Amino acid sequence: MSGLGRRTLLANGALLAKGALVVAFALSRGAAAQDADSPALPGDLAKSPLLDSWIGVDGDGRITVFTGKAELGQGLKTALIQIAAHELAVAPSAVDIVTADTARTPDEGVTAGSHSMQDSGTAILNAAANVRVLLAEAAAWRYAIAVDQIEMRDGAAHAPDGRTVGYGELVSGLSLHVTAKPNVPRREGGSKVIGENLARVDIPAKVSGGEAYLQDMHLPGMLHARVVRGPSDGTRLKQADIEAVGKMPGVVQVVRHGRFTAIVADDEWRAVKALHRLQAVGWERIGEPLPAKGMREAIRALPARDVPIFDYPGPPAPAEAHTLRARYSRPCLMHGSIGPSCAVALWEDDSVTVWTHSQGVYPLRKALAELLGLPLERVRCVHVEGAGCYGHNGADDVAADAALAARAVPGQPVRLQWMREQEHGWEPLGSAMTVELSASLGADGRIVGWQHDLWSNTHNTRPTTAGGLLAGTEVDPPFVPPKPRPIPMPEGGAARNANPIYALPNARGTLHFVEPMPVRVSALRGLGAQMNVFAIESFMDELAEAAGADPVAFRLAHLLDERARDVVKMAADQFGWQARGRGTGFAFARYKNLASHCAVAMEVRVDLDTGMIHVPRVVAAVDSGEAVSPDGIRNQIEGGIVQSLSWTTREAVAFDATHRTSFDWSAYPILRFPAAPGRIEVHVIDRPKQPFLGAGEAAQGPAAAALANAVAHALGIRLRDMPLSPERIRAALRPAPAAPRQAAG
Amino acid sequence: MVRGTRLAVGIALGSAALLAAGFALAWHPEIERIAPPASASFGRALVLEGEDLAKLGNCAGCHTVDPARPLAGGRALTTPFGTVFATNITPDAETGIGAWSRAAFNRAMRRGIARNGDHLYPAFPYDHFTHVSDGELGALYAWLMTRPPIASRAPPTHLDGVFGFRPLIAAWKLLYLEEEPLQADPAQSSDWNRGRALAEGLAHCGGCHTPRNSLGAEDKARAYDGAMTEGWYAPPLNARSPAVRPWTVDRLHVYLRTGLSPAHAAAAGPMGGVTRALSEVRDEDVHAIAVYFASLMAPAPAARQDQAEPMDRQTVAQHAHPEAAALFAGACAVCHEPGAPMMQQGRPPLAWGTPLQADNAHGTVRIIMEGLDSPAGATGPTMPAYADLLDDRQLRDLTAYLRTRFTDKSPWSDIDAAVAQARQGKAK
Amino acid sequence: MIALSVNGQTHQVDVDPDTPLLYVLRNELALNAAKFGCGLGQCGACTVLLDGKPVFSCLVPVAALGNRKVRTLEGLASPDGKPGLLSVAFETEQAAQCGYCIAGMIVRAQALLERNNRPTEDEVRAHLAPNLCRCGTHMRILRAVRRAAEMMGGGVRDVAEQKP
């Protein structure tokens with residue numbers, strides 16, 4: 001009876017429910033012994049090696065998957081269910097999933113960086129495989145046959161003679177509170193779940209008015225709150241008559257801690273009215289005025305320290321080599337979540353539960369504990385889906401706001417939602433950036449030297465301490481925000497994707513890291529990759545033109561990796577690149593040079609009078625490793641393309657000396673339906689058995705660059721500064737102003 | 001008998017002379033068609049100058065219906081005499097002006113005569129364009145002839161009854177078309193003179209802002225007194241301006257250039273298109289127009305009595321219109337009350353806007369019903385349309401409430417009519 | 001107490017008369033579909049039908065409703081709870097990423113297709129323009145509307161995209 005050695009039957013301290021064995025994770029984590037095998041475990045299994053951290057099986061054979069990652073609308077829940085269902089040989093409908101909850105799920109850090117499939121998906125894949133093997137072995141033992149005679153199918157173990165036993169019964173003799181073994185074989189044969197386009201489990205509620213979002217939570221006795229601040233980052237309200245507002249109908253409390261102010265009311269609209277009453281007093285700037293010339297210029301001019309990014313060896317370029325230089329830039333960009341950030345908090349018995357759509361419930365919990373002066377175990381953060389966040393938006397800050405507001409009314413849940421202008425005004429932005437590239441072409445038309453310099457603020461101020469939360473800087477005494485630091489390569493923050501994937505000799509890159517932050521900045525989808533890929537891929541086109549080469553052929557001439565080449569060729573072929581017309585552009589990148597490959601080919605038409613860009617056709621190809629849900633990948637790539645088109649053709653956060661003036665959608669317009677592309681095709685290249693690669697951010701950079709390349713092709717003019725807005729295009733089309741006219745008679 | 005015969009002959013001769021004179025006045029020859037000139041025959045600088053002038057004149061405002069088919073005409077302009085359809089002014093040879101020579105174009109702009117000799121209805125404001133200089137006409141011609149030709153026949157204009165007889169327009173022109181060039185006023189600055197030349201000429205501001213007589217001509221004695229045009233009220237631009245804050249040169253300049261005056265309001269209705277066009281022309285020209293109208297409005301009441309603190313008679317209005325007060329609080333206050341996000345950005349309070357101060361309710365009603373829009377992708381003031389959110393009774397009540405709350409002027413007597421008119425989408 | 005008709009049922013709610021309909025739907029009647037996106041009439045996440053016309057429920061005070069009939073996404077389902085045609089179409093096309101804007105999209109599209117189930121592509125895009133989607137789900141939303149139009153016996157004309 002091999003394979004039983006390391007298991008314990010009915011381990012002490014286990015909770016039994018209907019014969020199930022799922023140990024409360026909070027109890028087990030501290031007690032888990034790190035097996036000598038742990039370092040070799042894949043994905044986040046290495047950090048949480050116990051099987052029951054990830055998989056539960058109940059007495060009816062229902063599976064529960066636990067993940068420390070969060071559903072952001074990227075289809076994560078469904079994909080992880082598919083993985084577990086596949087490996088466990090059950091129908092997906094037999095699987096439930098619990099996401100990011102500090103009381104119930106593993107700590108997988110932040111749902112970001114397109115890591116979820118790699119880290120959580122891989123962990124669940126292996127954990128589920130482990131559980132399947134344990135169940136199969138239990139069945140083999142029960143029937144006294146060899147385990148390789150057992151077929152696992154439809155939630156039951158089947159013996160060759162027809163005897164079957166369901167998982168529910170099998171699990172009662174097992175403990176899953178055991179360390180995973182590495183290299184457990186994947187399930188072979190039988191019905192496929194990975195690779196199928198399973199309908200997303202979260203969509204039915206979303207198209208029928210179900211309680212699908214944190215914003216939809218209704219708890220008994222729930223109060224409504226609004227936080228009170230100035231219009232944007234760097235401002236505050238003047239002294240206001242709090243007394244008067246406290247007496248307004250419906251206002252239960254006005255919560256104050258230092259500068260932090262929140263209104264708690266019994267009715268949401270009354271809270272809004274009270275908020276407006278307070279805001280009528282006017283506001284003022286705190287601190288230095290904002291840079292007069294705007295953030296893009298400021299980032300170039302502020303003190304920076306040099307951080308080497310990459311250095312590819314090679315002989316120096318020959319003297320006669322043709323050298324090109326170009327500078328590319330982008331302004332600050334906004335996440336612009338369509339639903340302003342929201343949180344629900346409840347204090348009971350000196351503990352607080354916060355329902356939040358923060359991407360990182362564990363780091364948030366740590367920051368909240370410090371802010372509230374509580375031990376970690378008295379703070380619970382539970383992820384509930386919010387609107388799409390695309391990075392670090394207001395979610396963490398509003399969680400702190402809600403927790404502080406709720407502390408004033410213990411025993412009553414408090415729902416605090418930011419207003420639209422608060423989300424626009426206070427969310428941390430994607431940093432303005434500038435990239436300067438120079439490269440030399442040899443006599444054979446290949447690149448023989450390359451230099452990439454980039455200027456940027458940090459791309460990560462996600463809170464791990466109280467000082468990283470807005471409220472933390474407002475309470476008395478305030479917490480100090482931590483110093484920003486660059487994210488090291490190979491992931492990189494500002495420098496993400498600055499290291500070109502092309503085979504370039506004699507290539508160097510330096511990040512000029514600007515520490516002073518005149519405005520709040522943090523992670524926005526793709527981080528520095530959107531800018532770096534925009535620059536590199538625009539520059540590749542400029543080099544190709546100088547070399548007299550076709551842009552796609554030029555790229556292929558410098559691209560060695562087979563999977564990368566396949567993606568490039570797929571997009572080019574499906575687009576019909578050989579027979580392309582005017583106004584077409586191409587771009588390619590592998591996100592972080594580690595995650596998904598994505599190539600985008602685009603056709604544009606530019607209205608020469610208005611400067612508006614129309615995009616009749618986009619064709620993309622993507623390689624995400626083994627495609628768990630091909631349609632999920634297509635959805636993310638389509639969405640990334642359209643969002644990146646909005647960034648690249650329209651968006652720029654505006655400031656004056658005192659505040660952020662992009663305060664609502666009228667002041668920060670984003671793409672609407674009439675400007676959406678005519679059609680987008682996404683071709684997914686499946687790589688069975690290859691590691692899962694995240695696709696959520698893969699399209700941002702290639703779409704932006706493909707657009708710039710297509711516009712250059714259409715107009716014969718190269719625009720290097722985002723956004724390629726109608727104003728900038730009109731200005732580019734017009735030469736110097738006409739000579740002064742004669743006065744009319 | 002001799003006397004009678006002499007009289008008869010006299011009358012006959014007189015009539016014949018009159019007829020001949022009338023014929024001479026009314027009849028104009030056709031100017032020969034030309035082959036549409038090649039785009040390359042026009043210098044780039046001239047074309048760009050023409051583009052600027054076309055924006056000053058806001059040709060697109062009347063001649064473009066569908067942005068995808070610019071200048072192809074077809075827009076219906078409602079006049080008291082019937083509906084006039086703006087023509088296709090793209091260089092299409094058959095349906096546009098592609099076959100028009102420079103002379104034909106000049107004659108149309110200066111004297112209101114089409115290439116084929118027909119008189120044009122003065123809905124096309126040649127009574128203003130007649131002041132445009134030769135050089136500028138040349139630039140406009142260059143720009144028009146280099147636009148993409150679009151085949152599109154505008155519906156023919158057939159006015160009712162006697163107004164359908166085009167040669168009668170000749171008589172109208174005799175009375176109202178002053179073809180002499182504008183004389184500069186040596187007592188004024190060159191900016192002022194340039195502004196006046198633009199306002200009276202290409203920009204044809206009086207076309208909307210000056211009331212017209214029964215024959216549809218601008219009443220020069222009441223220049224810029226304000227007028228209803230196509231259902232929008234164009235307010236007075238002179239001493240009768242009802243604005244409660246002075247229109248200084250700077251404020252006018254900013255308003256015309258950006259579509260928003262922080263001391264007044266956002267541009268609404270047709271001024272939206274006008275200010276968008278002006279945002280793209282040479283700044284000196286916009287400044288000049290501002291100088292001119294600032295001087296015309298210098299004697300207006302606001303100059304003596306600037307309402308720097310916005311009027312807000314909230315309690316009075318609440319008592320007079322309690323239902324509307326609740327409407328305002330739920331439908332409007334979220335942008336328009338003092339603590340609202342837009343107000344935190346320095347947008348002007350309702351009390352400062354001219355629509356509420358005007359002597360009629362039309363502007364206010366239409367803005368509420370239609371809202372304000374910025375072009376796609378551009379930043380700027382926006383307002384949703386309330387036509388479907390509010391019924392007629394609520395619109396009337398809200399309009400009266402706004403007048404009571406944000407002004408101390410007498411209540412409007414035309415609210416019912418304004419709402420009815422706006423609902424029908426009819427212009428007057 | 002204020003009476004209002006929502007999805008064919010009359011409700012009495014005890015709220016301030018100036019309370020926008022959106023808050024009443026969500027907080028008093030537990031109808032979650034219409035969402036708070038901006039409260040300013042700029043994003044359409046709150047779209048409901050008022051006597052058949054799509055409006056921003058964040059800007060309609062409940063006291064102003066009178067006898068007018070409100071229909072929300074929930075009201076597009078059949079009485080026995082079967083999802084409406086557009087909901088089915090959206091689910092079939094998997095037309096959602098975060099999905100926060102989708103309820104508003106469905107209601108806005110419903111108003112169009114009830115009036116005209118043979119619109120052109122340009123008409124559909126213009127009609128949906130008041131509704132924002134930040135995730136970039138536009139292509140799928142358009143496909144879902146096309147599918148729904150066909151399910152209603154019509155279809156969208158002049159589409160640039162070929163069917164897969």
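Two residues are in contact if their C-beta atoms, placed from the backbone, lie within 7 Å. In this predicted model, the contact between chains A and B takes 30 residues from chain A and 31 residues from chain B.

**The side of chain B that touches chain A**
- Helix 2 (44-57), helix 6 (134-145), helix 8 (190-200) and helix 17 (341-344) of chain B are the elements that give two or more residues to this side.
- Helix 8 of chain B gives the most, with 4 residues.
- By residue class, this side of chain B has 14 polar, 13 nonpolar and 4 charged residues.

**Chain B as a whole**
- Chain B contains 21 helices and 4 strands.
- Its radius of gyration is 24 Å, close to the 22 Å that the globule rule gives for 428 residues, so chain B is as compact as a globular protein of that length.
- The C-alpha trace of chain B spans about 80 × 65 × 50 Å along its principal axes.
- Of the 428 residues of chain B, 46% count as buried.
- Among contacts in chain B with a separation of 6 or more, 68% join residues 24 or more positions apart.

**The two domains of chain C**
- Chain C is divided into domain 1 (2-75) and domain 2 (85-151), and their C-alpha centres lie 20 Å apart.
- In chain C, 15 residues of domain 1 are in contact with 13 residues of domain 2.
- On the domain 1 side of this contact, strand 3 (47-50) and strand 4 (53-56) of chain C each supply at least two residues, and strand 3 of chain C gives the most, with 3 residues.
- The residues of that side of domain 1 of chain C divide into 9 nonpolar, 4 polar and 2 charged.

Technical notes. Residues are numbered from 1 along each chain as its sequence is written. Chains are lettered from A and ligands numbered from 1 in the order in which they are written. This is a predicted model: local features need pLDDT of at least 70, side-chain atom pairs count only at pLDDT 80 or more; totals for chains, interfaces and linings use all residues. Ala, Val, Leu, Ile, Met, Phe, Trp, Tyr, Cys and Pro count as nonpolar, Asp, Glu, Lys and Arg as charged, and the others, Gly among them, as polar. The radius of gyration is taken over C-alpha atoms; the globule rule is 2.2 Å times the number of residues to the power 0.38. A residue is buried if 20 or more other C-beta atoms lie within 10 Å of its own, exposed if 12 or fewer, and partly exposed in between; C-beta atoms are placed from the backbone. Domain bounds come from an automatic or database domain assignment.
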